[in-house]
Number of protein chains: 2
Amino acid sequence: MTDPTTATQPAPDAAALTALLQSELAPALSDGALALDADVVAAHSADTALFCPAEGAVALVRARSTEDVQATLRFAHAHHVPVVPQGARTGISGGANAVPGCILLNLAGMDRILEVDAAEQTATVQPGVINQALKDHLREHGLAYPPDPGSVAISSIGGNVATNAGGLCCVKYGVTRDYVRQLKVVLADGSLATLGPRTAKGVAGLDLRGLFIGSEGTLGVVVEVTLRLVPQLAPPLTAVATFPSEAVAAGVVAEFMATGARPSMVEMLDGATLGMLNDYGDFGLDAGAGAMLLVQSDGSGDPASAQREVEEFARIAEEAGALDVGFTDDPADSEAMVATRRLAQPAYEKYAMAHGGGQLLDDICLPRARMAEFFERLAEVRAESGATVAVVAHAGDGNLHPAVFFDAGDPAEVARAERAFEQLMELGLALGGTITGEHGVGYLKREWLARELDPATQAMHRAVKQALDPLGILNPGKMLAALDG
Amino acid sequence: MTDPTTATQPAPDAAALTALLQSELAPALSDGALALDADVVAAHSADTALFCPAEGAVALVRARSTEDVQATLRFAHAHHVPVVPQGARTGISGGANAVPGCILLNLAGMDRILEVDAAEQTATVQPGVINQALKDHLREHGLAYPPDPGSVAISSIGGNVATNAGGLCCVKYGVTRDYVRQLKVVLADGSLATLGPRTAKGVAGLDLRGLFIGSEGTLGVVVEVTLRLVPQLAPPLTAVATFPSEAVAAGVVAEFMATGARPSMVEMLDGATLGMLNDYGDFGLDAGAGAMLLVQSDGSGDPASAQREVEEFARIAEEAGALDVGFTDDPADSEAMVATRRLAQPAYEKYAMAHGGGQLLDDICLPRARMAEFFERLAEVRAESGATVAVVAHAGDGNLHPAVFFDAGDPAEVARAERAFEQLMELGLALGGTITGEHGVGYLKREWLARELDPATQAMHRAVKQALDPLGILNPGKMLAALDG
């Protein structure tokens, strides 16, 4: 890395920066990679978060190669220009949003699958590869990359790494972090580093590979990822159960997981979500129920194990007072149920559009045994705010996504919704959990990160950031911006 | 963390330091925690590594509490005194060895299991808890903590975290890192930080928890660990096969693993190891074979899956020209085979004692498909060095432990053995691997770490170390000492 003292000039003003971009950066990039057109830049200035500023970008670099990324960072480092790395901009915390005077560094065009190594069961990809495209490609090889965030069809592997994305299968198969063998990253000064060996094990040095996973573009830019793969997963058995209340369903999940069960999916939808889904499509869900659980088990390839596991779930559900429990081993029916679950977000959007447009999607993670208590307290938040709050959850992991709906044109309602959103995070912390299980901090939760982390940990964050990005040019104003130290 | 500019006095000389330890540190510690007796200090000055200096410790602190650790670090920070954190001192890279003028900070006495949370399936322990003691305790709860380094009976959880210890089960169940939910650590200035939530998922901030795992005492001192647990593992089926050569056995492992098999153990012993084991005890191993593989499958609880998996292994082994393949589903026989494997190290020590006392145990990790090539090249190293080299391997992970034997009283033989040891690491890097899969860098491989890491990654290591330990008092001269940047 460059000694920061060698790069001391202040950031240039907008006109001077534009001239420098054209004269210095453009010739160093692939043809056409630099865009200065205000409409093009504006069209790339935000992810899908609400209430997050996204103004002031000066340029867009559509990187085509590692060299483009290095040239961009070298330029930014030399001229003290903020850089916001971006993938598919499907995030929901504002992490990819523009900041004033920044270059948007978009990696979506670096979308090649470079190698599938069947012997080592790894894939090496560029960061812009879409998660689902990788899954589809691997199927030909009989291999699988399990992490499956809700955005699986549209989010990129680089973005998944930057946010340590999770998903539905995490309860058995883990998160993005569990599948990263090696990263190539471009650092703040444009230098290229290879982090981690590609081997199954390795303890040579500090775990900087892990440090970059989930760092949301604040430490460097991922330009290549080697992922650990697994054999294609076995088709699961699926159980669906409805319950009189969210708290009862949550208690069933905690009890089921405490048996040591290894289900491959434990999703929860509350009554409000069931109603919104029925409004969105003809799914015939029991919107009179307080909650529904969707449980899958693949028995790690053994159908009899899967059968025993879903039966154990059914027994616990029935003893707890389930309204209804059903099974299917038909893959088409199973996939249809999961597809319905995945439509919760579009159903929320339809509901929001019909009710003033506002939706804030939260993402707390709790010890599983505290989920029932969360739902009891949620009733108070609903009553106090007057807001509609619908919940979907990766319940087997204790990872809850309450969505708060509001009329975006009514400032009082916006304020009540924001307060409800915050109360849910307070509740997450009070119940021994975290303010974000998988969506990340971005801009949206930067103040909340400072609530979650103790003073010594905040100081460590600042010190590590200062060490790796001494000029503070990498995604400033986001994840780490509100920490003390 | 304290601003380093507030602590600027140089380290005191030995006499002054002893006086300060007695007047300032002793009153801040639990009664009797501070030892200054030279014999006591010397007895705690080394782990089990060869060729690593261990001189010059001034004091030993036997910490009884987090407060003892904080007091020690505050004192060390104020007076610029090096601190070497230690667990059970079972390491083999010199990571726990004394450095001149240091305080040895021993955590072995902090050995309480604080909590087992059956609902969340976690255990919270102090760092001095012995790995096997935790396993035994968890059995009562029907739970398991899988990581099982060779030192499982004698090494501590804190040491396992500091080195990211592996073991025999890693091939299916992963390494220490995969089981750490939350760490409490004392930083260089004595402040206490909690890293990571205890929940199944969490992305709030940088992964400092992960950064501390495997950091070998260079960033802070672990004082509490919350571990993820799993249900007790199912009893495995065991297959044993012998082969005419190491390369053939290695090829069988690579082919077996490439099928997507999920064995719970794939251990390899070469012919030299088989001979040394027969010399050590009455095991009746076929020392005429070039190599033996010991494969277990637990079928994730399904005996039929386990049966299919070991049969698949047997088929591949026989097609490759195995000398003999046998099975057992008798737990006692299985345990006896694994116990024999675990005696390789004592057998090596007996052999070494009878042949001049010297043994250097290496620890490279390769892509599995390159192992056969490694063994072909190993023949050249053996011929060139004239040294006996025996190999045990966690072969399913590509993690090889070649032991080089030599007459410690013959300088020429020592030099040849050291050269062979280095050639094996060179070979590890040349074949796309790493210089250490699980033993760590410590003092022994600090120069080699600089060979493995690229310049930008070395600079990042130095920058992170400087950020978190600005005075450089934490385990100096070890893992990070030879890096540029």
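Okay, let's start with the surface: chain A has an accessible surface of about 16,500 Å², and 52% of that belongs to carbon and sulfur atoms. Before I go on, keep in mind that this is a predicted model.

So what's in chain A? You'll find 16 helices and 19 strands. If you draw a box around the C-alpha atoms along the principal axes, that box is roughly 70 × 60 × 45 Å. Now, the overall shape. A compact globule of 485 residues would have a radius of gyration near 23 Å, and chain A has 23 Å, so the two agree. On the inside, 59% of the 485 residues count as buried. And here's one about the contacts: take those in chain A between residues at least 6 apart in sequence, and 71% of them join residues at least 24 apart.

A quick word on charge. Chain A carries 33 positive side chains and 61 negative ones. The centres of those two sets lie 5 Å apart.

Next up, the two chains together. How many residues of chain A are in contact with chain B? It's 77, and they meet 77 residues of chain B. Between them, the chains bury about 5,600 Å², with 65% of it on carbon and sulfur atoms.

R89(A) isn't a glycine, yet it has a positive phi of about 55°. You can find R89(A) in the loop between β3 (83-86) and β4 (103-106) of chain A. Its relative accessible area is 23%, so R89(A) is partly exposed.

Over in chain B there's N164(B), again a residue other than glycine, with a positive phi near 50°. N164(B) sits in the loop between α5 (157-163) and α6 (170-173) of chain B. Buried or exposed? N164(B) is buried, because its relative accessible area is 5% and the cut-off for buried is under 20%.

Let's stay in chain B and look at S93(B), which is in the loop between β3 (83-86) and β4 (103-106) of that chain. At 5% relative accessibility, S93(B) counts as buried. What does S93(B) touch, leaving aside neighbours within four places in sequence? The list includes D47(B), A49(B) and C52(B), and also H439(B), G440(B) and Y443(B). S93(B) and D362(B) are 269 residues apart in sequence, while their C-alpha atoms are 9.7 Å apart in space.

Another one in chain B is L468(B), in helix α16, which covers residues 455-468. L468(B) has 3% relative accessibility, so it counts as buried. Along the chain, L468(B) and A188(B) are 280 residues apart, but their C-alpha atoms are separated by 7.2 Å.

Last one, back in chain A: H355(A). Look for it in the loop between α12 (344-354) and β16 (357-361). With 40% relative accessibility, H355(A) counts as partly exposed. Setting aside its neighbours within four places in sequence, H355(A) is in contact with F406(A) and D407(A). And how far is H355(A) from Y179(A)? They're 176 residues apart in sequence, and 40 Å apart in space from C-alpha to C-alpha.

Technical notes
Residues numbered from 1 in each chain as written. Chains lettered and ligands numbered in written order. Predicted model: local features only at pLDDT ≥ 70, side-chain atom pairs only at ≥ 80, totals over all residues. Heavy atoms only, no water. Helix = DSSP H or I, 4+ residues; strand = E, 2+ residues; numbered from the N terminus. Rg over C-alpha atoms; globule rule 2.2 N^0.38 Å. Buried < 20%, exposed > 50% of the residue type's maximum accessible area, 1.4 Å probe, protein only. Contact = heavy atoms within 4.5 Å. Areas by Shrake-Rupley, 256 points an atom, 1.4 Å probe, with all protein chains shown as cover. Lys, Arg positive; Asp, Glu negative; His and termini not counted. Charge placed at Lys NZ, Arg CZ, Asp CG, Glu CD. Buried area = accessible area lost by both parts, 1.4 Å probe.
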